[in-house]
Amino acid sequence: MTSVSLVLLLLLCSYHSFVARAGNEQSYKVLDLNPSRAVCSEPNATIPSSSDGTSSVTLSHRYGPCSPADPNSGEKRPTDEELLRRDQLRADYIRRKFSGSNGTAAGEDGQSSKVSVPTTLGSSLDTLEYVISVGLGSPAVTQRVVIDTGSDVSWVQCEPCPAPSPCHAHAGALFDPAASSTYAAFNCSAAECAQLGDSGEANGCDAKSRCQYIVKYGDGSNTTGTYSSDVLTLSGSDVVRGFQFGCSHAELGAGMDDKTDGLIGLGGDAQSLVSQTAARYGKSFSYCLPATPASSGFLTLGAPASGGGGGASRFATTPMLRSKKVPTYYFAALEDIAVGGKKLGLSPSVFAAGSLVDSGTVITRLPPAAYAALSSAFRAGMTRYARAEPLGILDTCFNFTGLDKVSIPTVALVFAGGAVVDLDAHGIVSGGCLAFAPTCDDKAFGTIGNVQQRTFEVLYDVGGGVFGFRAGAC
């Protein structure tokens, strides 16, 4: 071989080596391990305008600097270990409820996918991390409330909260129904009260024949009081008149000690805010959960308009699956997972039980076969980092000591209909670990948790039976 030929061969090999490395780099993302947590930064995207028939409010992490809470309220974020423990309690509770009976979740095309449905609604409040500020009553009183797609009945703490079951610690003043000129309690004979009975949340009548409600959560917590209506102010002139909610006069359980004023239910049953505003917003809503607690996102009622190079066309979509027996919950059909740009080649039958899309669950759960394949492929792309001890339910962990940024393989969720959701770096690794965990067995449904939803605008088009995912929305 001549010297010229040797040089050409070396150059060709170097070129192919460069291309291989460049191609490999495209399958990795950089994760910032030390994002600013002390100061609220500007959001990466503008909150959607309400001029297109939608209504939007700022959404924040309840433990971050962008939270509307009083900074002197003393509420601190739980440790990673404690948050994961609470998250597993929530997942276990929902699983137990779902294991009691079998039901069907069907999309708009009438095709059905078998899922198990619970007999009663229940979830722990401990893992609800995202809050909005709304106004309630006339004049409007600001209420800081958590949002939950796994709840239907909305409620706030109200005066009075008598002993021996006082309301939990809170950041602001209790809502006083006597001070609102538009407040009204539902009578026990009202249709709205009968509707509570249908969903298992009725609690009889008080001495004045006012409808009483009770909502029980998975950790044993509960809230009880008078089922009522008043004006809900979302933002500016966007108001919901006759908004139905629980005026809580007694709360029990550790899950209630969270310094918030109440909860907004975004589930699919009749009592939720989504159903109450269906005529105005088309039974659609979306939210964007920020990448870190130091930035903010948004909650929007109504679906973005189609066409014009924007709106609904910007979303990757997949059918929404529902249960007729328990309409609270929203399911999607996961079909595969891609790691480092390469699909794992999982059979869709692995995900036959469906995946619950939930704002209140933190970590995504996958059937054991899917999780094992994901963990193995992810570890193969992380050989440059030493392994670390498991963190609670997370067992694919790495030692990032002394590092400010790390390079991690991309992870994308592949849904029915071709929707590919390429996760943000903060939606892949949390606390130094792969932010996924296995379900109890391969027959159990999975859950798409809020960590994996970060930075996406997640559209719940309940009326149209569709989920949408728009990347880089906040």
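A disulfide is a pair of cysteine sulfur atoms within 2.5 Å. The tour starts and ends with such pairs.

**Before selecting anything**

The structure is a predicted model, in which local features need pLDDT of at least 70 and side-chain atom pairs count only at pLDDT 80 or more, while totals for chains, interfaces and linings use all residues. Residues are numbered from 1 along each chain as its sequence is written, and side-chain values use heavy atoms, with hydrogens and water left out.

**Stop 1: Cys288 and Cys474**

Select Cys288 and Cys474 and show their side chains. The two form a disulfide, with sulfur atoms 2.0 Å apart. The torsion about their S-S bond is about -85°, so this disulfide is left-handed. Cys288 lies in strand S14 (residues 284-288) and Cys474 in the segment after strand S33 (466-470), so the bond ties together parts that are 186 residues apart in sequence. Helices (H or I, at least four residues) and strands (E, at least two) are DSSP runs, numbered from the N terminus.

Are Cys288 and Cys474 buried or exposed? Both are buried. Buried means under 20% relative accessible area, exposed means over 50%, and partly exposed is in between, with a 1.4 Å probe and protein chains only.

**Stop 2: the whole protein**

Zoom out and colour by secondary structure. The protein has 7 helices and 33 strands. Of its 474 residues, 53% count as buried.

Contacts come next; contact means heavy atoms within 4.5 Å. Among the contacts in the protein with a separation of 6 or more, 69% are between residues 24 or more positions apart.

**Stop 3: a sheet of four strands**

Select strands S20, S19, S26 and S27. They form an open sheet of 4 strands in the order S20-S19-S26-S27, with antiparallel pairing. Strand S20 (342-343) and strand S27 (420-422) are the edge strands, and each pairs on one side only. Two strands pair if DSSP finds at least two bridges between them. Strands of a sheet pair through backbone hydrogen bonds, either parallel or antiparallel.

How many bridges join strand S26 to S27? There are 3 bridges between S26 (residues 411-415) and S27, which run antiparallel. Within this pair, Leu413 has Val421 in S27 as its bridge partner.

**Stop 4: Thr410 and strand S25**

Select Thr410, in the loop between strand S25 (405-409) and S26. Thr410 is buried, with a relative accessible area of 8%. Its side chain reaches the backbone nitrogen of Gly341 at 3.3 Å. This is a polar contact, a pair of N or O atoms within 3.5 Å; within protein, one must be able to donate a hydrogen and the other to accept it, and residues adjacent in sequence count only if both atoms are side-chain atoms.

Move to S25, where 4 of its 5 residues are buried. Strand S1 (residues 28-32) is joined to S25 by 5 bridges, and the two run antiparallel. Leu31 stands opposite Val406 in S25.

**Stop 5: Ser272**

Where is Ser272? Ser272 is in the loop between strand S13 (262-265) and helix H4 (273-276). Ser272 is buried, at 0% relative accessible area. Its side chain reaches the backbone oxygen of Asp269 at 3.2 Å. Leaving aside residues up to four places away in sequence, Ser272 touches Asp152, Gly265, Leu266 and Gly267.

**Stop 6: back to the disulfides**

A search of the whole structure finds 5 disulfides. One of them joins Cys188 to Cys205, S to S 1.8 Å. Cys188 is in the loop between strand S8 (184-185) and helix H3 (191-198), and Cys205 is in strand S9 (residues 202-205), 17 residues apart. Cys188 is partly exposed at 23% relative accessibility, and Cys205 is partly exposed at 47%.

Finally, select Cys397 and Cys433, joined by a disulfide with S to S 2.0 Å. The torsion about this S-S bond is about 105°, so the disulfide is right-handed. Cys397 is in strand S24 (residues 397-398) and Cys433 in strand S29 (residues 433-434), 36 residues apart. Cys397 is buried at 1% relative accessibility, and Cys433 is buried at 2%.
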